[in-house]
Amino acid sequence: MTQLSPTVFLVFTAIKVIVVFTAILLAVAYMTLAERKVSAFIQDRLGPNRVGPFGLLQPIADGIKNVLKEETMPATANRFFFVLAPALSIVPALVTFAVIPVAAPLPTPWGVVDMVVADLPIGILYVLAFSSLGVYGLFLAGWSSNNKYSFLGGVRSSAQMVSYEVALGLSLIPVLILAGNVTLTEIVHQQQSLGFWYALPLSLSFLFFVISSFAETNRLPFDLPEAESELITGYHTEYSAMKFSMFFIAEYAHVLTASALMATLFLGGWSVPFWSGDDMFWRAGVLVAGLTESGQPILASPAWWKTLVTFVAFAVKTSFFVFLFIWVRWTLPRFRYDQVMHLGWKVMLPVALAYVILVAGTVLVLDQLGVEGFLFGSALTAVSGIATAGFIFFVDRDRILRGAPRGRLPVSSR
Amino acid sequence: MAVTVKVMHRPEAGETSYLRATLKGMALTFKHLVNPKKVTIEYPEERPFLSPRWRGTHVMETHADGRPKCVACGLCPTVCPANCIRLVGGEDDMGNRYPIVYEIDEFRCIFCGMCQEVCPVEAIHVGVHFENAEYTRDRFVYDLDRLMEQDHPSTLLWDPSDPLSE
């Protein structure tokens, strides 16, 4: 099994771009339905069930409605940026998916095709770069609307996304330390060969990454940029019809990408747990399943059904996180602005930094001791488990849930 | 009077963690998510329960021969707080009074049910009914024929088992 010739590679890349793009938009459409259904069920309602069986055609009806609605443009808006902003927010959300591997390589008569649009050597850096661009769309939308609420929403979104990008980046560093690589396919492979999903040996990173992903995607409890009750949906107050829809699609595409990223980085991506048949990765242009004791490559045997099974595994993991996003949204109220900033800068940043040092130290010690494989994973899991438990214990001592301590302030000052 | 500011004592942000509260809340929402008992009434297929004391669209009671029971005494337009009843009375050869024009503007009506309470011959009633949507506004002024055609049950103004509301 060898790599593709350049022409075939181009053709397959074009096909993959179209398929992935369509799949994302379709998934986004159905995520809106899932959001409405789950929210309804959580509130003991039934949700949309009029259009098609179980309301399955509802996203199409919504789409038609949004296309047919009137496009409004505030008289004092900056036209250029007002039109540019939705595009700027939707493009980064869609293109970040390009580097996420969705399944095991697929064998074709022309060679083995990677199930990733672009297996960039800079993987995660590309994701970080493009997800940071998303803030421009939000901020420009808020600013160009020339509306004070929109503007506040834009300011909040930029402050929040910049703050949480720091924690997001820092929570990724342990993953990079462990994988020794920033390519997402390589990270998946490293998790396969370690036999541990990184959610276990890097549990605190996982927790932080989930929290910062919520902030990065502007989902509750971090939806301050759109805060309906205070800012009248913030940065997209002035948008209508398809331009509004584009912000919506961008938000859900962000959620999808963040979910897929979490599944890839921390839950082993497309690898099926407890099954080594799907171990395959490229070494010097050859697809191998692993290395023998003496370092000889064992050839992998890709098959179409393996691609299918691994894709299902990836889809299940991603949907779990999508469900988590929706579930949390309909559980929690919004943070106050100072709480968001406090959590980002005073809690997550220092703890994530300390955790990077802890993981680096542990990995160094284990490497020096020559510990490998299962023992390496277990040792790191134990260390991270202690760190996570300590973190949770520290931020969640029993004083915390009792509300304000009684009688701490003299009565006169209340 | 001096201006006073109410100082809210909130827990310092540093003391606040919502981890356990979050998990507790998520457990609760999940319980509701899988709870098969839903409160939605799927309206066109499934009808909501209306109390027998529900006050909705009016009904004019008729005699067995199809004449309205109304004797055009003029009490209902007098008592109507929304002033939505228009009544023009007439008298036949036998000296019986009857309504020539009897119109109720369902848009103006506040469904207080006072017309039913005041009616000495129990002719006009509010009814246990709410589906009175129309395509044009003028269709909401119900004339006498239309009021007599209404076939939904009329409202009970008191609970028959407890007429004095004791």
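**Note on helix packing in the predicted model**

1. Gly195(A), which comes just after α6(A), adopts a positive phi of about 80 degrees; helices here are DSSP runs of H or I with at least four residues, numbered from the N terminus. The structure is a predicted model, in which local features need pLDDT of at least 70 and side-chain atom pairs count only at pLDDT 80 or more, while totals for chains, interfaces and linings use all residues. Residues are numbered from 1 along each chain as its sequence is written, and chains are lettered from A and ligands numbered from 1 in the order in which they are written.

2. A residue is buried if 20 or more other C-beta atoms, placed from the backbone, lie within 10 Å of its own, exposed if 12 or fewer do, and partly exposed in between. Among the buried residues of α6(A) are Leu184(A), Ile187(A), Val188(A) and Leu194(A), together with His189(A), Gln191(A) and Gln192(A).

3. Helix α9 (residues 241-266) of chain A has 26 residues and reaches 37 Å from its first C-alpha to its last, which is close to the 38 Å expected at 1.5 Å a residue, the expected span being 1.5 Å times one less than the number of residues. Because 22 of its 26 residues are buried, α9(A) is largely enclosed by the rest of the structure. Just after α9(A), Gly268(A) takes a positive phi of about 75 degrees.

4. Helix α3 (residues 79-95) of chain A packs with α9(A) at an angle of about 25 degrees, their axes 8 Å apart, and α3(A) is therefore roughly parallel to α9(A). Axes are lines fitted to C-alpha atoms, for helices over the stretch in contact, with angles from 0 to 180 degrees between N-to-C directions; angles under 35 degrees count as roughly parallel, over 145 as roughly antiparallel, 65 to 115 as roughly perpendicular and the rest as oblique. Residues making the contact include Pro86(A), Ile90(A) and Leu94(A) of α3(A) and Met246(A), Ala250(A) and His254(A) of α9(A), contact meaning C-beta atoms, placed from the backbone, within 7 Å. The contact residues divide into nine nonpolar, three polar and one charged, where Ala, Val, Leu, Ile, Met, Phe, Trp, Tyr, Cys and Pro count as nonpolar, Asp, Glu, Lys and Arg as charged, and the others, Gly among them, as polar.

5. Helix α5 (residues 148-179) of chain A and helix α7 (residues 203-216) of chain A have axes that come within 9 Å and cross at roughly 155 degrees, so α5(A) is roughly antiparallel to α7(A). Their contact involves, among others, Tyr164(A), Leu168(A) and Leu172(A) of α5(A) and Phe208(A) and Phe209(A) of α7(A); by class it has ten nonpolar, four polar and two charged residues.

6. Between the chains, the axes of helix α1 (residues 6-42) of chain A and helix α1 (residues 19-34) of chain B come within 7 Å and cross at roughly 100 degrees, which means that α1(A) is roughly perpendicular to α1(B). Val38(A), Phe41(A) and Ile42(A) of α1(A) meet Thr29(B), His32(B) and Leu33(B) of α1(B), giving four nonpolar, two polar and no charged residues.

7. Val363(A), in helix α11 (residues 337-369) of chain A, counts as buried because it has 20 C-beta neighbours inside 10 Å. Leaving aside residues up to four places away in sequence, Val363(A) touches Ile177(A) and Leu178(A).

Technical notes: Helices (H or I, at least four residues) and strands (E, at least two) are DSSP runs, numbered from the N terminus. Two residues are in contact if their C-beta atoms, placed from the backbone, lie within 7 Å.
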